[in-house]
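Please look over the model below.

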Amino acid sequence: MAATGEHVKALVRTHAAGDDAAFYAVALQVAAKAARQGHTTLAQELKQIIESARRQPVVSKVTPIARPRGDLADLVSASFPEVTLQDLVAPAAVKDSITRVLHEQRQRQALAEHGFEPAHRLLLEGPPGTGKTMTAAVIAHELSLPLLSVRLDSLLSRYMGETAAKLRIVFDAVASQRAVYLFDEFDALGAHRTGNDVGEARRILNSFLVFLEGANTESIVVAATNHRSILDHALFRRFDVTITYSLPDQAQAREVMRRRLGPLGRGVRWSSVASTEGLSHAELVKVAESAAKEKILRGEDHVSAADLNKALQAYRTAAG
Ligand SMILES: Nc1ncnc2c1ncn2[C@@H]1O[C@H](COP(=O)(O)OP(=O)(O)O)[C@@H](O)[C@H]1O
Ligand SMILES: [Mg+2]
């Protein structure tokens with residue numbers, strides 16, 4: 001036999017990973033081995049199959065469930081985000097954590113063969129506007145998966161039983177449809193009250209945690225919250241990875257504005273830009289956009305430090 005066990009394993013692995021280039025490379029190795037063993041007809045036939053297959057247009061490998069159906073349709077909204085890890089401005093520790101998750105997910109077969117699970121339950125916490133929702137989008141994009149954002153308003157019902165049933169629908173999807181599932185503003189789950197029973201909120205959160213415990217490792221469940229303090233410490237242990245976000249330092253703040261301005265910001269003297277302390281990434285994006293638009297409307301094509309300072313001041317005044 002031309003293909004060794006190693007070859008067969010590699011073929012299955014590369015196929016499962018959707019890695020065409022690696023798959024055909026292994027197949028060619030099998031053909032080469034066949035040729036060396038004197039099975040010239042087999043070697044030639046294999047090469048022909050590989051070559052004609054490579055010429056075929058690649059049928060979209062994108063997970064086919066862009067549009068959730070049935071009960072799930074009311075509970076999640078689906079998107080295919082375009083935002084990349086490069087777009088995220090964050091300290092190395094945050095980027096490293098995300099890279100690690102991506103790596104484990106990409107190598108999940110190899111991990112599984114040795115009895116390990118990839119990180120698939122993520123808790124993102126930190127102040128508003130620092131990139132938590134964006135990170136869920138980044139992970140979806142980098143793994144070419146849909147982002148399914150759970151709509152908490154639809155999920156949370158006045159009736160505990162109904163909420164639990166809806167949670168089950170979402171986690172059934174987690175098991176059957178590989179995707180990134182985002183529970184944004186996830187703390188609402190633990191704060192929600194049905195009727196006037198405070199204990200209900202606890203039970204909803206607990207039932208979420210039970211589902212999370214059994215969540216299929218193929219999908220990624222991301223919970224994001226702006227309110228670390230209200231979350232129970234025990235809760236953090238239920239996630240494979242916790243990533244903490246914070247407001248940008250000066251260098252990061254400039255980077256956020258510089259990227260948003262693009263070519264318009266080429267001439268900015270950054271040393272003359274006022275302090276951005278206390279502002280989040282999202283707020284800095286807005287400041288940069290406001291300065292840029294103002295200039296464009298005036299028919300100019302560059303933004304200066306003075307323009308940014310004006311926009312910063314206007315923003316701070318408006319925000320009180
Ligand atoms: N770390 C970041 N790097 C670059 N842009 C960011 C970052 N954080 C936020 N933004 C910008 O602000 C927008 C809103 O941020 P978001 O991810 O929703 O914040 P959060 O979920 O933490 O409240 C993003 O779509 C992006 O344009
Ligand atoms: Mg958010």
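What follows is a set of questions and answers on this predicted model.

Q: Which domains are assigned in the protein chain, and what separates the centres of domain 1 and domain 3?
A: The assignment gives domain 1 (5-55), domain 2 (70-244) and domain 3 (250-319). Taken over C-alpha atoms, the centres of domain 1 and domain 3 are 54 Å apart.

Q: What makes a set of residues a nonpolar core, and which residues touch the most other members of the largest one?
A: The members must be buried residues of the nonpolar kinds listed for a core, joined through C-beta atoms within 7 Å. The largest such core has 60 residues, and Ala136, Val170, Val180, Tyr181, Leu182 and Val222 touch the most other members. Helix 7 (residues 132-142) gives the most to this core, namely six residues.

Q: With which residues is Val180 in contact, leaving aside neighbours within four places in sequence?
A: Contact requires C-beta atoms within 7 Å. On that basis Val180 is in contact with Ala136, Ile139, Ala140, Leu145, Leu147, Leu148, Ile220 and Val222.

Q: What share of the protein chain is called buried?
A: A residue is buried if 20 or more other C-beta atoms lie within 10 Å of its own. Buried residues make up 30% of the 320 residues in the chain.

Q: Which residues come nearest to ligand 1, and which helices each supply at least two residues of its shell?
A: There are 16 residues around ligand 1, of which Gly131, Thr133, Met134, His281 and Ala282 come nearest. Helix 7 and helix 14 (281-297) each supply at least two residues of the shell. By kind, the shell divides into 10 nonpolar, five polar and one charged.

Q: How do you know where ligand 1 lies relative to domain 2 and domain 3?
A: Domain 2 (70-244) and domain 3 (250-319) both give residues to the shell around ligand 1, so it lies between them.

Terms used. Residues numbered from 1 in each chain as written. Chains lettered and ligands numbered in written order. Predicted model: local features only at pLDDT ≥ 70, side-chain atom pairs only at ≥ 80, totals over all residues. Buried ≥ 20, exposed ≤ 12 C-beta atoms within 10 Å, placed from the backbone. Helix = DSSP H or I, 4+ residues; strand = E, 2+ residues; numbered from the N terminus. Contact = placed C-beta atoms within 7 Å. Near = placed C-beta within 6 Å. Nonpolar A, V, L, I, M, F, W, Y, C, P; charged D, E, K, R; others polar. Domains from an automatic or database assignment.
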